[in-house]
Amino acid sequence: AFIEPIRNARAAGTVVVSASGNAGPNTSVSPGNVYDGFAVGAINTDGESPAFSSGEQIVTDEAWGDDAPADWPDEYVVPDVAAVGVGVESASTTGGYETKLGTSMATPHVAGTVALLRAANPDLSVETAERALRRSAVHPRGDVSDTRYGQGWIDANATLTAVTTGTVTGTVS
């Protein structure tokens, strides 16, 4: 059900960022496993992938059958990248804030980085933004991609540097 809406959003210039899921290794959930989306896994503040963070090697025909668009690759990996998804301070449904975990807590870090990219360069294409996120990601084992980290954890400053010649200043705490 998410393939067409994600493809339409991309065509309109939107980077569709979604969570890979919280069922652990060798699993993923839709829309996080839709090839045209940008899937996010979780890490903790030490850069380790927690057991709950989903990711897998997807064989397109097995996972999607006839629903897969013809231009999708035969296989692909989710997540694309990872971000902190453990110990995240988030709004509570009962008011105030509480500490939460999950790939849904990691996803806003990536969406926020995309927002920074678009603020620095409003004409940035979806493809360029996604490529910058992947290429600037830091993987604990070097230049690899896997089902735990994707290309690695995001680095907002490195991603911005990859697509703009300007500078970003401020304080991070």
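On this tour a residue is called buried when its relative accessible area is under 20%, exposed when it is over 50%, and partly exposed in between, with a 1.4 Å probe and protein chains only. The model is predicted, so local features need pLDDT of at least 70 and side-chain atom pairs count only at pLDDT 80 or more, while totals for chains, interfaces and linings use all residues. Residues are numbered from 1 along each chain as its sequence is written, and side-chain values use heavy atoms, with hydrogens and water left out.

**The whole chain**

Followed from the N terminus, the elements run α-β-β-β-α-β-β-β-β-α-α-α. The radius of gyration is 16 Å, close to the 16 Å that the globule rule gives for 173 residues, so the chain is as compact as a globular protein of that length; this radius is taken over C-alpha atoms, and the rule is 2.2 Å times the number of residues to the power 0.38. Along the principal axes, the C-alpha atoms fill a box of roughly 50 × 35 × 35 Å, and buried residues make up 44% of the 173 residues.

**The loop between β1 and β2**

Next select Asn-26, which lies in the loop between β1 and β2 and has a positive phi of about 65 degrees although it is not a glycine. Its relative accessibility is 61%, so Asn-26 counts as exposed. In the loop between β1 (17-19) and β2 (38-43) you will also find Pro-31, joined to Ser-30 by a cis peptide bond with omega of about 15 degrees. Most residues other than glycine have a negative phi, and most peptide bonds are trans.

**From β4 to β6**

Move on to Pro-79, in the loop between β4 (75-78) and β5 (81-84), where a cis peptide bond with omega of about 5 degrees joins Val-78 and Pro-79. Then select Gly-85, in the loop between β5 and β6 (88-91), which is buried, with a relative accessible area of 0%. Leaving aside residues up to four places away in sequence, Gly-85 touches several residues, including Ala-42, Phe-52, Leu-101 and Met-105, where contact means heavy atoms within 4.5 Å.

Now show α3 (residues 103-120) with α4 (residues 126-136), which pack at an angle of about 125 degrees with their axes 11 Å apart. Axes are lines fitted to C-alpha atoms, for helices over the stretch in contact, and angles run from 0 to 180 degrees between N-to-C directions. The two helices α3 and α4 are therefore oblique to each other, given that angles under 35 degrees count as roughly parallel, over 145 as roughly antiparallel, 65 to 115 as roughly perpendicular and the rest as oblique. To see the contact, select Val-110, Thr-113, Val-114, Leu-117 and Arg-118 of α3 together with Val-126, Ala-129 and Leu-133 of α4.

Terms used. Helices (H or I, at least four residues) and strands (E, at least two) are DSSP runs, numbered from the N terminus.
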